[in-house]
Amino acid sequence: MIKVALAGQPNCGKSTIFNLISGIHQHIANYPGVTVDKKVGRFNYQNEKIEMVDLPGTYSFSSYSLEERVAKDFLYDETPDVILNILDASNLKRNLYLSFQLLEIGIPVVIVLNMTDVAARRGISIDTKKMEELLGCRVVNASGAKGEGAEAIMEAVFSVYRQKERYENFQIHYEMLEPFIQEIETAIAGADLPLNRRWTAIKILEEDQALIEKLDNEQKRLTEKAQACEKRFFDMYGKDVAAFLAAVRYDSAEIVFHRCVSLKHGNKETLSDKVDQIVLNRWLAFPILLLIMIAVYELSIVGGYKLTDYTWPILAGFKSFVIDRLPEPDFINVPMITDLSVWMVNSANALLNYIPVFFILFAMIAIMEDVGYMPRLAFILDRVFKKYGLHGQSTLPLVLGGAMVGGCAVPGVMSTKGIADERARMATILAVPYMNCLAKVPFYTLILGAFFKDAMGIMMFYISTVTLFIALIVSKLLTSTVLRTRETAPFVMELPPYHLPTFKGVVLRAAQRVWVYVKKVVSIVLVVAMALFALLQFPGLEADSKRIFDEKVEKALSTFDRKLQSNPYYTLIDTREKVSTLLNAYDHYKSKRMIASGSQEAQKIDEAFLKKYPNLFILLKPHEDQAAKTVNNAVRQLSNVRKDLLRQIKNEKIEKSFLGIVGHAIEPLTHYAGFDWKINVAFLSSFAARESAVATLGSLYENAKADATRAEEAMADNGGYSPLSAVAILIFMILTPPCIATMIVVKMQSNSYRWMLFATFFPITLGLVSASLVFGFGNALNWSGLEAMGYFYASVVGIALGLGAMPSRLSAWTRANIKN
Amino acid sequence: MKCYLDSLRQGQTGKIIRIHSTGKLKQKLLDMGFIVGADIEVVREAPLYDPMELRIHTYLISLRRSEAALVEVEVL
Ligand SMILES: Nc1nc2c(ncn2[C@@H]2O[C@H](COP(=O)(O)OP(=O)(O)OP(=O)(O)O)[C@@H](O)[C@H]2O)c(=O)[nH]1
Ligand SMILES: [Mg+2]
């Protein structure tokens, strides 16, 4: 097996080349630092087993960022057979800086000049033969985006691998540093090194802790030795080692660049420069940003919701497919499996319904990443973010989480990996869950529909824009307290040239992110939904009330029987079982016809039912048959009675359930915010996924007349709530904790259960306190709901702006007492 | 004329004389090509004044002023 490692600077196209060769679809973006973990692909190429590893991009091998650690550890510990060094041919000089460091390691290197299409467009031509001579390794041309170069690359890898023994080590001559390198080499002469000795010596001089740690018990001695050398070098030449090494490498890159590259039309202004003059223009930058946001909103949220009109029938079809295969209820005794399955399908459907919205949203974000707008966004907004302890690079996570228009915290938190600044990264992880979760929208719609029919627009505006301010406040609070001591990193970010996105790349990445979301649905959320179902079902009805319900059924049945005894169709319904069958058939038929669109489909349903119930069908659809009509009417009444009873049972079950008990138990705490047990239960159930809140509230507030009245109206009519308590509910929902899935990714990214718990309970407290404050003041001062929300909004924005205006005491870098 | 990079205005170019920082930031700057003798052009300031966009060697880097204040340059 040939082990190949792909190394190169950020954004040079490693992942694109990786995909091209291995056929595995990786995350590709025009955003430096997209691949942070290493990705492994195993495949066969010309009957040879290849293991290819896509390493994160690193500008160098000397600094300390997470990506560099990942890349370095891999090269140190797993010594690949060949290093495939990808270079951006349009930015050769800086890319060569890393190449020299890779060449020094002593593992055979194949250099791939990627983005040759861009280079050609800019009139850069590179003499690869010359380069091979100068660097002593194979140099191959490629263009990942155009799909060119895979064969040549693999051919070079094979030939280098086969002549591994003959590979000649490349050396840079470090002039006056050479004696010191020799000295360290002698010091480690006895050590058992996995890698090239000279290179190890250079790394020790650079005080590369990761490597020194690998040299076991010699650590202390070597560090001291290196420091002594550095001191002497400084005394002799007035230069420090790190700067000197960097300078020599850059000079070498310069030499190679000059010998191998010829520029056809000099340094004329590129297209990227021209675009930047507009996009980053002082006066135009924000209007353009706003336009882009509006476009994203219109296309993904508005357009996506329109698309769900077409996708919802698919999900509804899935639901009825499942229901058709479940055991039928016997009057009010619904089999547990039926109840559970319907609950699960509903939970899943509610989440899957967002797929079109997410797909469009993620595709738009992918386009922005590919084009290269994201780093520009970071550039434009860094000043703002910095004030709140965040980082320009927090932009992407916040946007994915929903800062622009709505999103999902799961991909948002996951994308925090690339943030170099540890403090800002933690702050971002903890801030993203406050962003506007798309799954909360149905809940908002329900509450707004019930209490703010006339002010929906403005309320929605408050809700969706207040979240960003809250996140900023939270992050400012955290970074100036608990996260204060965390490491920070400098904001030195490359602004890559603009690229045209490829259709395939965009679709793939959007699909990948949607897939993450779908996996969340089927895995975690369904498990939690199941647990929730149990918590809402058990311990179930008491024997007494069960008997009362049964008696009601008997009464309804005997009324039904008495009414129809003289009916010519009586033989079809003269036993309890027969009536039950008819009743179930009636309900099915009704619900099928309800979702059928067009007369053709309706006809199909009729035929299906006629086939299934040849005798009973006339009772389902009596036409002009008077006797059948009478039965039909009676069945309808019976069906309504049953629905009513089922609802009562469900209500009682929920109230008596474990979750209901908890909901009651915390009422003393939540009544300050005006929440009764029903709202508590809804919030508790929203932990699984926000959608459950709507489902639970919906079923709690549906009532006997509910066929016509929707949950919104039911809530407004007999919930006993005022618009003010609705605002308290909304505020709590805006602030409430991440759903289970988000908490799990918070755990993954922060690598600590304590932060996960913090990320759960801090928002709950914050939410409860805020809701109680607004509710309390609102009651005392007689605010209307709209006023209360307005005041809340104004104070949040005010606090955020106030905190932002506060001078930051966190200035990280000072012009140190430097001696060089 | 010697000064610090953060005081350069849009369009000005400077040659790096010295980097006044240590550890992580210094290494990062070195790796991004901030070596003594390199030319830096201030391409533009961000719409909110900070950070600034620089052209060094042949590529564009964005750098906060607080960090640019550590780079001593000779104005060209
Ligand atoms: N024009 C052109 N664009 C390319 C080429 N190869 C890659 N790209 C684009 O360059 C951008 C970066 O590609 P990636 O493959 O994500 O780069 P990477 O090296 O994996 O980046 P990190 O993982 O962030 O270090 C994407 O927008 C690609 O579409 C090429 O040969 N020509
Ligand atoms: Mg990558």
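## Exploring a two-chain predicted model

Q: Which residue meets Asp117(A) in a salt bridge, and where does the partner lie?
A: The side chain of Asp117(A), a residue of helix H4 (residues 116–121) of chain A, reaches Lys146(A) with an N to O distance of 3.4 Å. That is under the limit, because a salt bridge needs the nitrogen and the carboxyl oxygen within 4 Å. The two residues are 29 residues apart and link distant parts of the chain. The partner, found in the loop between strand S7 (138–141) and helix H6 (150–162) of chain A, is Lys146(A).

Q: Which domains does the assignment give for chain A?
A: The domain assignment places domain 1 at residues 2–166 of chain A. Next come domain 2 at 175–263 and, finally, domain 3 at 543–653.

Q: What area do domain 1 and domain 2 of chain A bury between them?
A: The C-alpha centres of these two domains lie 24 Å apart, and 28 residues of domain 1 of chain A are in contact with 23 residues of domain 2 of chain A. The size of an interface is often given as the accessible area lost when the parts come together. Here 66% of that area is on carbon and sulfur atoms, and the total is about 2400 Å².

Q: Which three residues supply 30% of the area that domain 1 of chain A buries against domain 2 of chain A?
A: We are looking for the trio that gives more than any other three residues on the domain 1 side. They are Tyr76(A), Lys93(A) and Tyr97(A).

Q: Which element gives the largest share of the side of domain 1 of chain A that touches domain 2 of chain A?
A: Between these domains there are three salt bridges, one of them joining Glu104(A) and Arg249(A) at 3.5 Å, N to O. There are also five residue pairs in polar contact. On the domain 1 side, helix H2 (66–78), helix H3 (92–105), strand S6 (124–126) and helix H5 (128–135) of chain A each supply at least two residues. The largest share, nine residues, comes from H3(A).

Q: What area is buried between chain B and chain A?
A: The contact takes 41 residues from chain B and 47 residues from chain A. Within chain B, Lys24(B), Pro47(B) and Arg64(B) lose the most area to chain A, together 18% of what that side buries. Carbon and sulfur atoms give 58% of the area buried between the chains, which comes to about 4200 Å².

Q: How many salt bridges does the rule find across the interface of chain B and chain A?
A: One example pairs Arg55(B) with Asp273(A), with the closest N and O atoms 3.9 Å apart. It counts because the limit for a salt bridge is within 4 Å. The interface also has 15 residue pairs in polar contact. For salt bridges, the number found is five.

Q: Which element gives the most to the side of chain B that touches chain A?
A: By class, this side of chain B has 19 nonpolar, 10 polar and 12 charged residues. Several elements contribute at least two residues each, among them strand S2 (13–19) and helix H1 (23–31) of chain B. With nine residues, the leading contributor is H1(B).

Q: Which residue in S5(B) is the bridge partner of Glu494(A)?
A: Strand S9 (residues 492–494) of chain A pairs with S5(B) in the antiparallel sense, over three bridges. In this pairing, the partner of Glu494(A) is Ile61(B).

Q: Which residue in the turn between S2(A) and S3(A) has a positive phi?
A: Strands S2 (residues 39–45) and S3 (residues 48–54) of chain A run antiparallel and are joined by seven bridges, with Tyr45(A) opposite Glu48(A). They form a hairpin with two residues between them. In that turn, the residue with a positive phi, about 45°, is Gln46(A).

Q: Where is the cis peptide bond that has omega near -5°?
A: Most residues other than glycine have a negative phi, and most peptide bonds are trans. The proline in question lies in the loop between S3 and S4 of chain B. Its cis bond runs from Asp50(B) to Pro51(B).

Key:
Residues numbered from 1 in each chain as written. Chains lettered and ligands numbered in written order. Predicted model: local features only at pLDDT ≥ 70, side-chain atom pairs only at ≥ 80, totals over all residues. Heavy atoms only, no water. Domains from an automatic or database assignment. Contact = heavy atoms within 4.5 Å. Buried area = accessible area lost by both parts, 1.4 Å probe. Salt bridge = Lys/Arg side-chain N within 4 Å of Asp/Glu carboxyl O. Polar contact = N/O pair within 3.5 Å; in protein donor to acceptor, adjacent residues only side chain to side chain. Helix = DSSP H or I, 4+ residues; strand = E, 2+ residues; numbered from the N terminus. Nonpolar A, V, L, I, M, F, W, Y, C, P; charged D, E, K, R; others polar. Pairing = 2+ DSSP bridges.
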